[in-house]
Amino acid sequence: MTTEPAQQPQENTGHTRRRFLAGAGGVAGALALRPSGSARADTRKHVAVLGGGVSGLSAAQELAERGYAVTVYEYYDVLGGKARSMDVPGTGSGGRRPLPGEHGFRFFPGFYRNLPDTMRRIPFPGNANGVHDNLRSGTEELFARSSGRPDLHFPLRRVTTPPAPGDITPSWLRDQILSVLDLGTRLPAHEAAYFADRLLVHLTSCDARREDQWEKTSWWRFIRAEEMSAEYQTLLGIGQTRNLVATRAEVASTRTVGRVIIEALILWGLLGRGLDGDADIDRVLNAPTSEAWIDPWAAHLRSLGVEFVLGTEVREVSYAGGRVTGVRVAARDGGDERTVTADHYVSAMPVEHARRTWGAALRAADPQLVRCDALKTDWMTGVQFYLRTPTPVVHGHINCLDSPWSVTGIGQAQFWDVRDFSRDYGDGQARDCLSAIISEWDKPGILYGRTARECTKEEIVAELWAQLKDGLNDSGRTTLRDEDRLGWFMDPAVTGLGGPDPQNREPLLIHPTGTLYNRPSARTAVPNFFLAGDYVRTDVDLATMEGANESARRAVNALLDADGADVERCRIWELYRPPELEPLKRVDEVRYRLGLPNTFDVG
């Protein structure tokens, strides 16, 4: 932690053996998930998993449960990738744990279904449903405004009387969308009506139109943001893209934004459809991520026989004779290279690292590996502020809509009901952690007039705090006070700030138009080489933990097919498709083939 100075500057479906988990309690029940008999592969074939983030750990679990010997090679000395939490060095005293830091806060939308299935199968003492029982629901979201604009408090609860099957009609949906937009926004009525009509176009578009026309159309253009008010642009353009997934609305794929953020996350979530059981729309963990999820996961995988080789850099995936023959690795901090071998290889590193390990021969064997060079990443990194007084602000996430750095955040201690922050962390002074994320690193701030990339870490912290106060302390309110700040933490993966060449080893995959065409499948043309990661083509089509988990399931299924293994395949849940809209999508498919616009598309 950096302490504060005295003065502050200005559904695919399938059969699965896991369904009995709901009746299995605690650790013993979860450990009973080890496959036996026909559910376990008659093999001790070895799989090398390259990367120990969410996709790598997900693949390791599915493989180990099916009888494979698995070794995971991870660059860091800890597991979990961007999802992990990390100790802030030198901050624990009096028997307390160090203050918890992170790359950025985690959240688990209700439409996640693949990852929650995995979480239910990770045992946790006292939890009938494993680490899944460590999830807690956020009940609202705050869209904080500056310059005297009224804030938007958005309740995150399902409609009290959800529509019965068959009741969803275009006019009913339009009314629901308009009612949401009427919750305190200053949108002109004709702009709200136009946006509702645009959503109807996307909701009733066939798959072919989405994957061709809308994948090639930016969200900004699709909603005609350029011709609309600043309120429309901020709320429905920037607020739904840059602030949430670090992609600019001007380039973000309409297919991705419309299908995942607008439909799955918001619309169907509010209607209670396609969710993880009785899940709420937004969920977070009840403790730092590694305590509540990653560490128990690693322990469970070790109990299944998975081996971890940490602090190891993957240099190159070697290819010859139509197969991967080994992987050249070395200690992260230097040392001699060595080659590790296995029967199968799952590359589960982020794309910016994975593609560096694919040599010319491997790329020539499968052109989709070459197309991965066109995938783009951007920065989306957080800062944790440790506060003297509890500052929950709102029981959920904060979206500072007018902040130039597209700031989002959450007060974490309110959800950590199994922890007492001052008793359990640091030196006993901090009572809360406000975790904030910067998604826009290339626009000038309000304090120094420089972009985040141009600032030092200390300047970023001061600027970020100023933007948070600008949104949360507006209209005569004083939510954040300088004297409450004890210190801060930023992921050490960000280096060189304030210098000529700032670096971030942990960027985020973004989704400009055309991204879909460059995303590879989990199965490659090389029979013993498979891909997992949030850049792999999945149904969720968004850089998320859910996408990482789904990609791992697809990679394992492809591996099982290549092996001819007589074991159950991983079940894969796909995004919800309301049956009421399928007839309209079939009509649209005919219109699309004839070169006609969608029925609701009036231009």
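Biologist: Which residues does His-202 touch, if residues up to four places away in sequence are not counted?

Modeller: His-202 touches Arg-210, Trp-214, Phe-222, Thr-254, Arg-255, Gly-258, Arg-259 and Glu-263, not counting residues up to four places away in sequence. Please bear in mind that this is a predicted model. His-202 itself lies in helix H5, which spans residues 189–203.

Biologist: How should I read the packing of two helices, and at what angle do H6 and H9 cross?

Modeller: Two packed helices are described by the angle between their axes and the distance between those axes. Here the axes of helix H6 (residues 207–214) and helix H9 (residues 254–270) come within 8 Å and cross at roughly 125°. H6 and H9 are therefore oblique to each other.

Biologist: Which residues of H6 and H9 meet?

Modeller: From H6, Arg-210, Glu-211 and Trp-214 meet Thr-254, Arg-255, Arg-259 and Glu-263 of H9. By class, the contact of H6 with H9 comprises one nonpolar, one polar and five charged residues. Among the residues that His-202 touches are Arg-210 and Trp-214, both of which belong to the H6 side of this contact.

Biologist: At what angle do H2 and H17 cross?

Modeller: The axes of helix H2 (residues 54–65) and helix H17 (residues 545–563) come within 8 Å and cross at roughly 40°. That angle makes H2 oblique to H17. The handedness can be stated as well: H2 passes H17 in a right-handed crossing.

Biologist: Which residues of H2 and H17 meet?

Modeller: On the H2 side they are Val-54, Ser-55, Ser-58, Ala-59, Glu-62 and Leu-63, and these meet Met-545, Ala-548, Asn-549, Ser-551, Ala-552, Arg-553, Val-556 and Leu-559 in H17. The contact of H2 with H17 holds eight nonpolar, four polar and two charged residues.

Biologist: What follows H8?

Modeller: H8 is followed by Ala-246, whose phi is positive, near 65°. Ala-246 is a residue other than glycine with a positive phi, and its place is in the loop between H8 and H9. At 0% relative accessibility, Ala-246 counts as buried.

Biologist: What are the phi value and the place of Arg-224?

Modeller: Arg-224 has a phi near 55°, again a positive value in a residue other than glycine. Arg-224 sits in the loop between helix H7 (219–222) and H8. Because its relative accessibility is 30%, Arg-224 counts as partly exposed.

Biologist: Finally, where is Pro-288 found, and what is it in contact with?

Modeller: Pro-288 is found in the loop between strand S9 (282–285) and helix H10 (289–303). With a relative accessible area of 4%, Pro-288 is buried. Leaving aside neighbours within four places in sequence, Pro-288 is in contact with Ser-85, Pro-100, Trp-416 and Tyr-425. Sequence separation and spatial separation should be read together: Pro-288 and Arg-84 are 204 residues apart along the chain, while their C-alpha atoms are separated by 8.4 Å.

Conventions. Residues numbered from 1 in each chain as written. Predicted model: local features only at pLDDT ≥ 70, side-chain atom pairs only at ≥ 80, totals over all residues. Heavy atoms only, no water. Axes fitted to C-alpha atoms, helices over the stretch in contact; angles between N-to-C directions. Helix = DSSP H or I, 4+ residues; strand = E, 2+ residues; numbered from the N terminus. Parallel < 35°, antiparallel > 145°, perpendicular 65-115°, else oblique. Left-handed = near helix turned anticlockwise from the far one by under 90°. Contact = heavy atoms within 4.5 Å. Nonpolar A, V, L, I, M, F, W, Y, C, P; charged D, E, K, R; others polar. Buried < 20%, exposed > 50% of the residue type's maximum accessible area, 1.4 Å probe, protein only.
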